[in-house]
Amino acid sequence: MKKFLLLVILLTLGTTANSKDIDYQQIYRDLEVPSVKFVHNIDPGEYYDTQNSTWSPYPLFRLTSPLYFKTITIEPGYYLLTPREYKGNWYMLFKEAGKVKYIIPVYEREIVPLTFYDDNLPQAKLAPSQKVHLKLLDIMGKFVPSAKREPTPQTYLETTDLDNNFLSIVIYWGDYRYYTIFRTINL
């Protein structure tokens, strides 16, 4: 148990201590423009992610000004952000109206600290009738396995304005967080 707690503490401290020493300009230079394409711009993994959900499990991102990643210009709008792995590399898909519009490489993928969602997401305040309803659904799920639904992955989004017109977007989705980097001006 002590080893597990020490590992959790090291994971949470290690990411925050090293975040100031990161050379974002070099990371941006090293990332390549993705050559990944999808047939008819449809994400093949979306069906499996949404088949047990009532709504989309992906975080919604509202962009009010354009972002730039090398030769890609992401126009203002509403996008569902979806992390996907392709041939060992991670990419962030910007989807609009169910279609993949932009594909951006992820430069780092880390495990989310255990209590992150509890500390940062507000908890829903349920009425007594809602509590009874959820309790009945839990009981029914124990006895009828087909009635049990998996909870949708928890999501969170962080944006950080960096020096030299860089913008870092960290997408928390389920057990992992994905780091992307953009420019706020076109070069």
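**Gly 174 is a buried residue, with a relative accessible area of 16%.** Buried here means under 20% relative accessible area, exposed means over 50%, and partly exposed lies in between, worked out with a 1.4 Å probe and protein chains only. Before you look further, please keep in mind that this is a predicted model: local features need pLDDT of at least 70, side-chain atom pairs count only at pLDDT 80 or more, and totals for chains, interfaces and linings use all residues. Residues are numbered from 1 along each chain as its sequence is written, and side-chain values use heavy atoms, with hydrogens and water left out. You will find Gly 174 in the loop that joins strand E9 (166-173) to strand E10 (176-183). Helices (H or I, at least four residues) and strands (E, at least two) are DSSP runs, numbered from the N terminus. Beyond its neighbours within four places in sequence, Gly 174 is in contact (heavy atoms within 4.5 Å) with Val 112, Tyr 117, Pro 153 and Gln 154. The C-alpha atoms of Gly 174 and Gln 154 are 5.2 Å apart, although 20 residues separate the two along the chain.

**Arg 84 has salt-bridge partners in Asp 43 and Asp 49.** A salt bridge is counted when a side-chain nitrogen of Lys or Arg is within 4 Å of a carboxyl oxygen of Asp or Glu, and the structure holds six of them. In general, side chains of opposite charge can pair when their charged atoms come close. The bridge from Asp 43 to Arg 84 has its closest N and O atoms 2.9 Å apart. Asp 43 sits in the loop between helix H2 (24-30) and helix H3 (46-50), while Arg 84 belongs to strand E4 (residues 77-86), so this pair ties together parts that are 41 residues apart in sequence. For the bridge between Asp 49 and Arg 84, the closest N and O atoms are 2.6 Å apart. Asp 49 lies in helix H3 and Arg 84 in strand E4, so parts 35 residues apart in sequence are tied together here. Arg 84 is buried, with a value of 16%.

**Arg 177 and Glu 110 meet through their side chains in a salt bridge of 3.0 Å, N to O.** Arg 177 comes from strand E10 and Glu 110 from strand E7 (residues 108-111), so the pair ties together parts that are 67 residues apart in sequence. Both Arg 177 and Glu 110 are buried. Elsewhere, salt bridges with shared partners join Asp 43, Glu 46, Asp 49, Arg 84 and Lys 95 into one network.

Rings of Phe, Tyr and Trp (its six-membered ring) pair if their centres lie within 6.5 Å; planes under 30 degrees apart count as stacked, over 60 as edge-to-face and the rest as tilted. By this rule there are 13 aromatic pairs. One of them is the edge-to-face pair of Tyr 28 and Phe 69, at 5.5 Å centre to centre with 75 degrees between the planes. Tyr 28 is buried at a relative accessible area of 10%, and Phe 69 is buried at 0%.

**Phe 94 and Phe 182 form another edge-to-face aromatic pair, 6.0 Å centre to centre and 85 degrees between the planes.** The two link distant parts of the chain, with Phe 94 in strand E5 (residues 89-96) and Phe 182 in strand E10, 88 residues apart. Both Phe 94 and Phe 182 are buried. Together with Tyr 79 and Tyr 102, they form one aromatic cluster.

**Charged side chains sit over the rings of Tyr 28 and Tyr 176.** This is counted if NZ of Lys or CZ of Arg is within 6 Å of the ring centre and within 35 degrees of the ring normal. The charged end of Lys 70 is 5.7 Å from the ring centre of Tyr 28. Arg 109 lies over the face of Tyr 176, at 3.6 Å from the ring centre.
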